[in-house]
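Visitor: Please take me closely through the aromatic contacts of this model, and through the parts of the chain that surround them.

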Amino acid sequence: MELVSSHSLGTGKIVHKRTRDTKNFFQYNAPYLSINLSNTSKIHPFISLNKLNFFSIFYKQHGFRDKKKNLYDFAKNIADKHNIIFNNVQFICIPSIIGYSFNPISFYLYLDDQNKVKSIIYEVKNTFGDQVHYLSIDKFKNKEFKKNMYVSPFIEMDCIYKISSKNKSKDHFFCNINQFNLKNEQIFYASIDLNLKEITFLNCILFFILNIFGSIKTITLIHYQAIKLLLKKSKFFKYSNKIKDNLYLD
């Protein structure tokens, strides 16, 4: 799998599908930036790291979640601990738009000198502010992880994720997550299908106009679907205690 290593942007198609008892399906579009963390000196006047702009990526929302610690250092720290050899790190996330964002999942992709993906960190958040990381080294198809963080109030904690990532070209990224219960029954499916393009002045303007309410729309849709499931009398699982940030390799 090869990925473009330049700064880029795109709109990702997000799909959520509940596949047991109370079935439910919805999809939406979300704005994404793909930033080369190894070279952030010049991205675009409308895009900033760790300060307010039209599009921002704040350190306190990712990685160490410390406004004084950058995301490259976070990725390198993980690489050093797990002997990951890389040339650069591509970070894919929903940016903060005029200061606000919600990122259900972000990606750190370690690329070699041929821009081939060697490892991926999946950074997962829930609406309660919890965050965990899942690290996949050299395996990007049906990589299994035990569920380690409460995400949906309608899905139990005792589950297994099978995560796959692939692309059909170097400016495309696709990831799907299949969730199974302990009986190996599929209970949930989610995916992101993202096409990336060069960051230019015109692209940035259009990106902003089309996505100014992108994160607000995302969080609104999530809660709207939760209300639908409540009305359908789906089984409810109470939120457990807040967890510390952890990295899992299961």
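**Aromatic contacts and their setting**

Guide: Phenylalanine 201 counts as exposed, at 57% relative accessibility; the classes are buried under 20% relative accessible area, exposed over 50% and partly exposed in between, for a 1.4 Å probe and protein chains only. This is a predicted model, in which local features need pLDDT of at least 70 and side-chain atom pairs count only at pLDDT 80 or more, while totals for chains, interfaces and linings use all residues. Residues are numbered from 1 along each chain as its sequence is written, and side-chain values use heavy atoms, with hydrogens and water left out.

Rings of Phe, Tyr and Trp (its six-membered ring) pair if their centres lie within 6.5 Å; planes under 30 degrees apart are stacked, over 60 edge-to-face, and the rest tilted. By this rule there are 16 aromatic pairs. One of them joins phenylalanine 46 and phenylalanine 201 in a tilted arrangement, 5.6 Å centre to centre with 50° between the planes. Because phenylalanine 46 sits in the loop between β2 and β3 and phenylalanine 201 in helix α2 (residues 201–211), the pair ties together parts that are 155 residues apart in sequence. Helices (H or I, at least four residues) and strands (E, at least two) are DSSP runs, numbered from the N terminus. Phenylalanine 46 is buried, with a relative accessible area of 17%.

Tyrosine 134 and tyrosine 161 make an edge-to-face pair, since their ring centres are 5.9 Å apart and their planes stand at 80°. This pair also links distant parts of the chain, with tyrosine 134 in strand β9 (residues 131–137) and tyrosine 161 in strand β11, 27 residues apart. Both tyrosine 134 and tyrosine 161 are buried.

Phe46 and Phe201 belong to one aromatic cluster, which also contains Phe54, Phe55, Phe207 and Phe208.

Strand β4 covers residues 55–57 and pairs with β6 in the antiparallel sense over two bridges; two strands pair if DSSP finds at least two bridges between them. Serine 56 has serine 96, in β6, as its bridge partner. These strands belong to an open sheet of three, in the order β3-β4-β6, with mixed pairing. At its edges stand β3 (47–49) and β6 (96–97), each with a single partner strand, so one side of each has no neighbour in the sheet.
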